[in-house]
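Colleague: Please show me the model, and then let us go through it together.

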Amino acid sequence: MCVGAFLIYSFTYYSKMKKIFQEYLRRNNYFSFDLKAILFDMDGVLYDSMPAHAKSWLQTMEEFGIKNTTLEEYYLHEGRTGSSTISLIFNRELNREATPEEIQKIYERKTELFFQYNTENTIPDAREILEMTKSFGLLPVLVTGSGQPSLLNKLDNNFPNIFTPETMVTAFDVKIGKPHPEPFLMGLEKGGNLKPNQAIAIENAPLGTESAHKAGIFVIAVNTGPLPDKVLKDAGADVVLSSMTELREIFSEVIECVEEIRN
Ligand code: CA
């Protein structure tokens with residue numbers, strides 16, 4: 001039986017989790033899980049980089065004369081490619097498309113500020129979860145819309161021997177980006193041409209959650225930012241947890257239990 005440490009929370013908690021997994025299987029017409037990989041988003045899941053992203057976007061837009069955006073908005077846009085975020089704000093605030101030159105200048109400035117503000121702090125327990133993933137014989141795959149070299153190049157320092165270029169989907173791979181399912185479909189491919197029931201996605205943002213959900217993957221959202229849980233639920237999260245620490249506490253049981261659950 002895999003009830004194990006779920007009982008730290010209570011039998012009711014275990015029953016609730018089991019029901020959530022069964023609902024996923026039924027909805028997607030699967031008999032069971034056949035877990036091979038865990039797909040990890042990067043910003044807000046592995047790195048505590050979202051405050052610096054939001055601050056850099058806000059300041060960049062102000063410098064370019066667009067003063068009506070808010071910090072919270074950038075948490076809602078989280079996961080979009082830079083050009084998509086710029087295009088959306090230009091259309092709303094200026095009623096026109098941004099030119100390729102504007103997109104390039106704005107994204108360069110935002111990248112510069114991000115490099116200045118970002119602490120490179122990792123999210124507590126992210127490394128432990130990645131190591132547990134490997135120890136269970138599962139493949140950790142990165143699925144990010146980020147093209148920030150300042151973080152991508154540091155991955156192997158902060159999370160040694162976890163990802164290789166073959167197991168990373170980044171801004172350099174995707175054409176459309178989140179919330180489209182494309183990045184997570186590429187993640188399944190890089191995980192070894194997997195079916196959606198052979199993976200679980202870990203996301204923190206509504207658009208990333210939507211992307212993984214539309215790709216047909218079970219999504220555990222960890223709400224490490226300022227948005228209400230409901231936003232993640234509405235985007236398609238199967239489970240919403242408060243932190244990666246909460247995920248670490250139940251991670252072994254989740255991995256062991258999903259294999260036993262039948263539709
Ligand atoms: Ca994220």
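The questions below turn to the metal site and then to the overall fold.

Modeller: Before we start, this is a predicted model, in which local features need pLDDT of at least 70, side-chain atom pairs count only at pLDDT 80 or more, and totals for chains, interfaces and linings use all residues. Residues are numbered from 1 along each chain as its sequence is written, and side-chain values use heavy atoms, with hydrogens and water left out.

Colleague: Which protein donors does the calcium ion have?

Modeller: Donors are N, O and S atoms within 2.8 Å of the metal (3.2 Å for Na, K and Ca), and since water is not among the atoms, sites may look incomplete. Along the chain the donors follow the spacing D-x1-D-x34-E-x125-N. Lying 2.1 to 2.3 Å from the calcium ion, they are Asp41 (OD), Asp43 (O), Glu78 (OE) and Asn204 (OD1).

Colleague: Is aspartate 41 buried or exposed?

Modeller: Buried means under 20% relative accessible area, exposed over 50%, and partly exposed in between (1.4 Å probe, protein chains only). Because its relative accessibility is 5%, aspartate 41 counts as buried.

Colleague: How many helices and strands does the protein have?

Modeller: Helices (H or I, at least four residues) and strands (E, at least two) are DSSP runs, numbered from the N terminus. On that basis, the protein has 13 helices and six strands.

Colleague: What share of the contacts with a separation of 6 or more comes from residues 24 or more positions apart?

Modeller: Contact means heavy atoms within 4.5 Å. Among contacts in the protein with a separation of 6 or more, the share from residues 24 or more positions apart is 69%.

Colleague: What percentage of the 263 residues count as buried?

Modeller: Taken over the 263 residues of the protein, the share that counts as buried is 53%.
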